[in-house]
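Trainee: I am new to this structure. Can we go through the terms one by one, and test each label?

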Amino acid sequence: MNWDKKDLLGIKELSKEEILLVLDTADSFKDISKREIKKVPTLRGKTVITLFYEPSTRTRTSFEIAAKRLSADTINISSGTSSSVKGETLKDTARNLESMRPDAIVIRHSMPGAPHMLAKILDSSVVNGGDGAHEHPTQALLDLFTIREKKGRIDGLKVVIIGDIAHSRVARSNFFILRHFNTEVVCSGPPTMIPPDIESLGVKAEYDMNKAVRDADVIMMLRIQKERGGISFIPSVKEYSTLYGLRKEHIEKAKKDVIIMHPGPMNRGIEIADEVADGPYSVILDQVENGVAVRMAILYLLIGREA
Amino acid sequence: MKTLIKGGRLVDPGREIDAKLDILLNGNIVEKIDKNILDKGSGMRVIDAAGHIVAPGLIDVHAHLREPGYEYKETIRTGTMAAVKGGFTSVVCMANTDPVNDNKSVTEYIVKTARLEGACRVFPCGAISKGLKGEELSDIGEMCEAGIVALSDDGKSVKNAGLLRKAFEYSLLFRIPVISHCEDDNLSGGFVHEGLASVKSGLDAIPSIAEEVIVHRDIAVARYVNAPIHLTHISVQGSLEAIAAAKKGYGKITCDTCPHYFSLIDEATLGFDTNTKVNPPLRSRQDLDAVKEALRNNTIDIIATDHAPHEFTSKDVEFNLATFGISGLETAFALSLALVRDGVLTLKELLAKFTVNPARLLNIPYGTLAQGSAADLIIFNPAIEWTVDTEQFLSKGRNTPFRGWKLKGKNLLTIVDGKIVYRDPLFKKA
């Protein structure tokens, strides 16, 4: 299996073989982060820019650490420090950055398709670090990596994703990745947060969270996307928490060895109770750890090998 | 000077004609239409139309010519040049200019500029409300005197149904139609159709009901005051069902759709190409099929372009930020000829939706060719294939999702008021 894509724009464009290649590559990188000297020379002399127009803690840090552990040079640009505040267009910013000859640009943007627009005009590899409510491919890859690691398999699992489905790029990318496997995928949330045609993506919609979690192998919780107007789709956060907050009682309905996931940032006491977030079923911090390995794999596949 | 158009097949739905007939023009008037008119007068110009189709000049009831105020997008000059290239001899221009066409001085400016610089006839549409704000009626009477042929706040719906009622009532005095842009902005607010594509792209979406609920409301209001209503750029099945049902009980309803609603669906937006961003948005396959069926069964009376030219930079941005609209005058007729090849309409039926039907709606004496009528006509050939090349556009707006499409059917010659205003390079000089 060879990787021949210049960019990683979404899961939608990936084949099952490409997805497994990323996971297997990540497997071999995971070990590096556990060594005393956490660095290999694989990307020495390469430059990675992270261009973030939306706030991020995990994704940006994770990409930066991934790049550094592979010996690439990294530069971070976030919206507060970028020329967008001076009125420069995204395309112009990207063209200017490209003139400094980076090898990869990781972009996060509030608008769907922004990375795709850049990929068309740049020679550098473009990595989608989240574009609006569209895709967050590295998150779905690290989620799948974590599921495979914890469960030893992907086929045959029931995965339940709960929350603000309509505004979630994490949900979309996970739907696109899970449909390559023999999984039962159920989404749950208030009907106002589940788009009408969601089942066309091969997932089942079950508004009743208590029914949705039944016999689940994996429960993935999402936060309300306040920045995309999520709050206006529900009467109150309190009511949301009552109806769609994950508590111990839900875990009891799931499989005995269920794992609980969350892409972060968590809103404790809203979509997830402390007892669950910190409980034995939670793999939330493993997701973060695996994120570094998966992003190392992506950077390696995109810019690490000689043509 | 006399001009003889010889040997062509004349298709004029307004007079139920489809036959090989010659047309003799005397100056700007049709002098005679007959079989085999002989070329005997000296100095008579003869145009050989053998092998081609001759038709009344097309009428577009919905275009944005952008002048005054947005001359960097289009001018009356460039817009009408694009129009005559596409086969149109009359164009209605919408009121969302800057300043808005809500008073007679703007109307007069448009009429005067069109007379001086326009390549074809231009009929301004006046705003329903001052500044398109939906608060108070614009200077309707004075604008009518200056030459408006219809009223519309196109670009948005009149949110206040009370004001809408007054507009319908007041329009009765001047016998001009109100053109409804149907969109409930509490339901819209997105960038693409809500459906199978938006669920994948995550783009904020516009559901079909945003159009449908206003179609219902506007028809109800018009009917209550017994005024004519024209619903423009109709794009969804639900709207068409509502219109078809309402037409049975009320005879003063007409509507139009645009070529992009029967040529493309929402899937086209998946690559985030901003040239596919248009309002109403490209809809579902099911909606496209419903539009075709409604064209066939005459629920849709008219095909309009909704020509919406934009400067390149307004489309060369993130999808969310890009302007809405398609530059349509130069592709509309060729795209529509596919309906004839696909068996949806006969050529005469198609031409009716471009000529006599719009003329009736606007109450203007064009769109058909008879002895004594204005010499507005086109010569086209439905078999000629060509590729849409935006570099060749006469419109300033090169924003089209049809770039690179191979189309079949080409306008070859356009005559407005007896003058040849467009001649395709493929059409030999007589």
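Mentor: Start with the layout of chain B. This is a predicted model. Chain B is divided into domain 1 (2–54 + 373–388 + 408–423) and domain 2 (57–362).

Trainee: How far apart are the C-alpha centres of domain 1 and domain 2 of chain B?

Mentor: They lie 29 Å apart.

Trainee: What makes the two domains of chain B count as being in contact?

Mentor: Residues are in contact if their C-beta atoms lie within 7 Å. By that test, 18 residues of domain 1 of chain B are in contact with 20 residues of domain 2 of chain B. On the domain 1 side, β18 (377–387), β19 (406–416) and β20 (419–423) of chain B each supply at least two residues. The largest share, six residues, comes from β19(B). By class, that side has ten nonpolar, four polar and four charged residues.

Trainee: Which residues have the most contacts inside the largest nonpolar core?

Mentor: They are B:Ile23, B:Val92 and B:Cys125, in a core of 124 residues.

Trainee: Why is this core said to lie between the domains of chain B?

Mentor: Domain 1 and domain 2 of chain B both give residues to this core, so it lies between them.

Trainee: What does B:Val92 touch, leaving aside its neighbours within four places in sequence?

Mentor: Its contacts include B:Val61, B:Phe123, B:Cys125, B:Val149 and B:Leu362.

Trainee: Why is strand β9 (residues 88–93) of chain B called largely enclosed?

Mentor: A residue is buried if 20 or more other C-beta atoms lie within 10 Å of its own. Six of the six residues of β9(B) are buried, so the strand is largely enclosed by the rest of the structure.

Trainee: How do you know that β9(B) pairs with strand β8 (residues 58–63) of chain B?

Mentor: Pairing takes at least two bridges. Four bridges join β8(B) to β9(B), and the strands run parallel. B:Ala63 has B:Cys93 as its bridge partner in β9(B). With helix α1 (residues 76–85) of chain B, these strands make a right-handed β-α-β unit.

Trainee: How many bridges does β9(B) share with strand β10 (residues 121–126) of chain B?

Mentor: Four, again in the parallel sense. In β10(B), B:Val122 is the bridge partner of B:Val91.

Trainee: What makes α10(B) mostly covered?

Mentor: Count the buried residues: seven of its ten. B:Phe333, B:Leu335 and B:Leu337 are among them. The buried residues of α10(B) pack against β8, α8 (285–296), β17 (302–303), α11 (347–352), β18 and β19 of chain B. Just after α10(B), B:Gly343 takes a positive phi of about 80°.

Trainee: Where is B:Phe324? And why is B:Phe324 called partly exposed?

Mentor: B:Phe324 sits in the loop between α9 (312–315) and α10 (332–341) of chain B. Now the count. Buried needs 20 or more other C-beta atoms within 10 Å, and exposed means 12 or fewer. B:Phe324 has 18, so it is partly exposed. B:Phe324 touches B:Lys277, B:Val278, B:Asn279 and B:Ala308, not counting residues up to four places away in sequence.

Trainee: On to chain A. How is it divided?

Mentor: The assignment gives domain 1 (16–135 + 290–303) and domain 2 (137–287). Their C-alpha centres are separated by 25 Å. Here, 20 residues of domain 1 of chain A are in contact with 21 residues of domain 2 of chain A. α1 (16–30), β4 (125–131) and α11 (284–303) of chain A each give two or more residues to the domain 1 side.

Trainee: What makes β7 (204–205) and β9 (259–261) of chain A edge strands?

Mentor: Five strands of chain A form an open parallel sheet in the order β7-β6-β5-β8-β9. β7(A) and β9(A) each pair on one side only, and they are the edge strands. Within the sheet, β5 (residues 158–162) and β6 (residues 184–188) of chain A pair over five bridges. A:Ile161 stands opposite A:Cys187 in β6(A).

Trainee: How many residues of each chain take part where chain B meets chain A?

Mentor: 14 residues of chain B are in contact with 21 residues of chain A. The chain B side has six nonpolar, four polar and four charged residues.

Terms used
Residues numbered from 1 in each chain as written. Chains lettered and ligands numbered in written order. Predicted model: local features only at pLDDT ≥ 70, side-chain atom pairs only at ≥ 80, totals over all residues. Nonpolar A, V, L, I, M, F, W, Y, C, P; charged D, E, K, R; others polar. Domains from an automatic or database assignment. Core = buried A, V, L, I, M, F, W, Y, C linked by C-beta atoms within 7 Å. Right-handed = clockwise from strand over helix to strand, strands pointing away.
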